[in-house]
Amino acid sequence: MNNILITSIGRRVSLAKFFKNELKSIFPNAKVYGSDMNPRLSAACRVADGSFTMPKASDNNYIALLIEKCTNLGISLIIPTIDPSLLPLSQHKKLLKKNGITVVVPDEDFVAKCRDKRMIHDFFESKGVNVAEEYCKNTFQLPLYIKPYDGSSSIDNFVIKNKDELTEYHYENKKLMFLEYLDHDLYDEFTCDLYYTKNGHLRCAVPRQRLYVRAGEVNKGITKKNELVPFIKKQLGHLDGIRGCLTVQFFMHKETKDIYGIEVNPRFGGGYPLTHSAGANYVKWILQEYLLGEELTGYFDDWKEDLLMLRYDGEVLVHGYKD
């Protein structure tokens, strides 16, 4: 029962390979499975040791089907990868555990905060982290940044520099937040991969500067050992109910070094391969904690700075495929 499942694995080929390499170095016969709505057309499912179809996490039968699949395949550890699955997995964590399945996800209340950017702003402020000011829709300052409080992948994000760019949609959509605009000419944007132990202790923080973003996911990035590292250690050094990989977005002023928290995703992000390649092996730490029962102590800072990642589209070829 040392098999692993990466849910909604989609295009996450690198993540699948990382888990396969690390898992088989400990348990040579163990397998990494991937689930997806259409595994036959998922590149990462093809790279995994096995795969199976799963419905959306909002489906009423999702958890029951997940338990059935994991039980049949000897899967004892689940690694979620997309936001919509995090809350149901967290809500049913005890039920999964009763069936011999551990899911690496924070507690339910924190996951709920991460799905609501208004609540995560409150979280940041409670930890002494600045956030962009939120305006009322009838009193705001230009330029303006608009985004939905529950959005992802940069969908429905707008930069408004002139008032005539605003439409009825912006005013009437209750999900859209009117926020202070943090200009990229003044601020550098970072995604930080944080690892928290089972006990909520910060073990590592790797800032990745986002040089170019495509569809909300970093396409070109570089690791930086800058002011963010001691700031994160001080403000976010221990978080109750948090475990595994946290992907946290910050803006830092290029001159004053003022830091603003933007959002939190309690899962592996699309840019994690850069952190992994820099030497911060969160995959190995998960296996040590959750499969081997080891206690991780101390802070890890021995990762490479100024490692540049340039992502590109690769191919997974399937011979003899018939629809």
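Me: Which side chain of opposite charge is nearest to Glu22, and how far away is it?
Reply: In this predicted model, the nearest side chain of opposite charge to Glu22 is that of Lys284, at 5.4 Å, and Glu22 is buried yet has no salt bridge.

Me: Where does Glu22 sit, and what does it touch?
Reply: Glu22 is placed in helix α1, which covers residues 13-26. Apart from neighbours within four places in sequence, Glu22 is in contact with Asn281, Val283, Lys284 and Leu287.

Me: Leu287 makes me think of Leu292; what does Leu292 touch?
Reply: Not counting residues up to four places away in sequence, Leu292 touches Ile26, Phe27 and Leu287. Leu292 is found in the loop between α11 (282-290) and β15 (308-310).

Me: Is Leu292 buried, partly exposed or exposed?
Reply: Leu292 counts as partly exposed, because its relative accessible area is 37%.

Me: And how far are the C-alpha atoms of Leu292 and Phe231 from each other?
Reply: Those two C-alpha atoms are separated by 32 Å, with Leu292 and Phe231 lying 61 residues apart along the chain.

Me: Zooming out, how many helices and strands does the protein chain have?
Reply: The secondary structure of the protein chain comes to 11 helices and 15 strands. The radius of gyration is 20 Å, close to the 20 Å that the globule rule gives for 323 residues, so the protein chain is as compact as a globular protein of that length. Along its principal axes, the C-alpha trace spans about 60 × 45 × 40 Å.

Me: What share of the residues is buried, and what about the surface?
Reply: Of the 323 residues of the protein chain, 51% count as buried. The accessible surface comes to about 15900 Å², and 46% of that surface belongs to carbon and sulfur atoms.

Me: Which residues are in a network with Asp49?
Reply: Lys20, Lys24 and Asp49 are linked in a network of salt bridges. Asp49 counts as partly exposed, because its relative accessibility is 31%.

Me: What does Asp193 pair with, and which elements does that tie together?
Reply: Asp193 forms a salt bridge with Arg208, and the closest N and O atoms are 2.8 Å apart. Asp193 lies in strand β10 (residues 187-196) and Arg208 in strand β11 (residues 202-214), so the pair ties together parts that are 15 residues apart in sequence.

Me: Are those two buried or exposed?
Reply: Asp193 is buried, because its relative accessible area is 0%, and Arg208 is buried, because its relative accessible area is 2%.

Me: And how close do Asp107 and Lys93 come?
Reply: Asp107 and Lys93 form a salt bridge in which the closest N and O atoms are 3.1 Å apart. Asp107 lies in the loop between β5 (102-103) and α6 (108-114), while Lys93 lies in helix α5 (residues 93-98), so the pair ties together parts that are 14 residues apart in sequence.

Me: New topic: which elements do the buried residues of α4 pack against?
Reply: They pack against α3 (62-73), α5, β5, α6 and β14 (259-265). The buried residues of helix α4 (residues 83-91) are Asp83, Ser85, Leu86, Pro88, Leu89 and Ser90.

Me: Which residues make the nonpolar surface patch of about 340 Å²?
Reply: That patch is made by Leu41, Val316, Val318 and Tyr321. Leu41 is placed in the loop between β2 (32-36) and α2 (43-47), and Leu41 counts as exposed because its relative accessibility is 61%.

Me: Last one, on the backbone: where is Pro143, and is the peptide bond from Leu142 cis or trans?
Reply: The peptide bond from Leu142 to Pro143 is cis, with omega near -5°, and Pro143 is found in the loop between β6 (134-135) and β7 (144-148). As for phi, Lys257 has a positive value near 65° in a residue other than glycine, and Lys257 lies in the loop between β13 (244-253) and β14.

Methods
Residues are numbered from 1 along each chain as its sequence is written. This is a predicted model: local features need pLDDT of at least 70, side-chain atom pairs count only at pLDDT 80 or more; totals for chains, interfaces and linings use all residues. Side-chain values use heavy atoms; hydrogens and water are left out. Helices (H or I, at least four residues) and strands (E, at least two) are DSSP runs, numbered from the N terminus. Buried means under 20% relative accessible area, exposed over 50%, partly exposed in between (1.4 Å probe, protein chains only). Lys and Arg count as positive and Asp and Glu as negative; His and the chain ends are not counted. A salt bridge is a side-chain nitrogen of Lys or Arg within 4 Å of a carboxyl oxygen of Asp or Glu. Contact means heavy atoms within 4.5 Å. Patches are made of residues with over 30% relative accessible area and no salt bridge: like charges are joined within 9 Å, nonpolar side chains (Val, Leu, Ile, Met, Phe, Trp, Tyr) within 5 Å. Accessible areas come from the Shrake-Rupley method with a 1.4 Å probe; for residues, only the protein chains shown count as cover. The radius of gyration is taken over C-alpha atoms; the globule rule is 2.2 Å times the number of residues to the power 0.38.
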